[in-house]
Amino acid sequence: MTDSIAIALLSGGLDSATAAALAIEAGQRVIGLSFDYGQRHRRELEAASRLASTLGLAEHLTIAVNLASWGGSSLTDAQLTIPSDGVQDGVIPSTYVPGRNTVFIAIGLSLAEARGAERLVLGVNAIDYSGYPDCRPDYLAAFQTLANLSSRAGREGRGPRLWAPLVEWSKQRIVEEALRLGVPIEQTWSCYSGGAEPCGVCDSCRIRDEALRSAGRPDLCSPCAPGGIQPC
């Protein structure tokens, strides 16, 4: 697959960077695609740009898609509070952005078909995550069916495949794989709160920091997390 192309949705976070690095290891020419959707944590876009350069992506595109204008998520509405009380079974938190992955994957598939890419690389995870409906295997399977039916490439039997290598991995395993691959974890950004430093208490920080500690790398934790790089 040395000459094959992959489009990687690159948020700037640990998971998407690790998925992109796996595609590079598989010998694919990776094009990164990031989205400015009105997120409060805009630092992730800066992280995505740095990661694209550090990982040596062939190209990196950032598309503006304003999902903030109609609200509905604490990630896009500063009037809403980012939850910090942990993931509750069966409860989808307010950080869920309505339709976000559906929009992003649709645009990614458009770019993939236009560039003749074999894969659309996704860093979604359904194990150590916040319970979002658009990060689950049944969602990905249904979207693959849609992708095959909705494009010329798909109808001709050569449509891009949704590739989510981390979907059933624990966050600790993702951290360990990122370390093996040389992903610059310190350059990634996962915090939802939009501050100058990771908050250490939002779901994303908490899950990430727990995995870093379990993997023996508390030095990479959020500054405000137990075992972090400095006292909060």
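**Entry 1: strands and crossovers**

I began with Leu-33, which stands opposite Leu-61 in β3. The model is predicted, so I kept to its rules: local features need pLDDT of at least 70, side-chain atom pairs count only at pLDDT 80 or more, and totals for chains, interfaces and linings use all residues. Residues are numbered from 1 along each chain as its sequence is written, and side-chain values use heavy atoms, with hydrogens and water left out.

I took helices (H or I, at least four residues) and strands (E, at least two) as DSSP runs numbered from the N terminus, and I called two strands paired if DSSP finds at least two bridges between them. On that basis β2 and strand β3 (residues 59-64) are parallel, with six bridges. Together with helix α2 (residues 43-55), β2 and β3 make a right-handed β-α-β unit; right-handed here means that, with the strands pointing away from the viewer, the path from the first strand over the helix to the second runs clockwise.

Next I looked at β1, which is joined to β2 by five bridges and runs parallel to it, with Ile-31 in β2 as the bridge partner of Ile-7. The chain passes from β1 through helix α1 (residues 14-25) to β2 in a right-handed β-α-β crossover. I also found β1 paired in the parallel sense with strand β4 (residues 119-121) over three bridges, where Ile-7 stands opposite Leu-120.

**Entry 2: burial and cores**

Is β1 enclosed or open? Five of its five residues are buried (under 20% relative accessible area, with exposed over 50% and partly exposed in between, 1.4 Å probe, protein chains only), so β1 is largely enclosed by the rest of the structure. I noted Ile-5, Ile-7 and Leu-9 on one side and Ala-6 and Ala-8 on the other.

For a nonpolar core I used buried Ala, Val, Leu, Ile, Met, Phe, Trp, Tyr and Cys residues joined through side-chain atoms within 4.5 Å. The largest has 39 residues, and Ile-7, Leu-9, Ile-105, Leu-120 and Leu-122 have the most contacts inside it. Two or more residues come from each of β1 (5-9), β2 (29-36), α3 (100-115) and α4 (137-150), with α3 giving the largest share, five residues. I then listed the contacts (heavy atoms within 4.5 Å) of Leu-120 beyond four places in sequence, among them Ile-7, Ile-105, Arg-161 and Trp-163. Apart from this core lies another of 29 residues, including Ala-17 and Leu-220.

**Entry 3: aromatic rings**

I counted four aromatic pairs, taking rings of Phe, Tyr and Trp (its six-membered ring) with centres within 6.5 Å, where planes under 30 degrees apart are stacked, over 60 edge-to-face and the rest tilted. The Phe-35 and Phe-104 pair is stacked, because the centres are 4.0 Å apart and the planes at 5°. Phe-35 lies in strand β2 and Phe-104 in helix α3, 69 residues apart, and both are buried.

Last, I checked for a charge over a ring (NZ of Lys or CZ of Arg within 6 Å of the ring centre and within 35 degrees of the ring normal). The charged end of Arg-43 sits over the ring of Trp-189, 4.2 Å from its centre, and that of Arg-173 sits over the ring of Trp-169, 3.8 Å from its centre.
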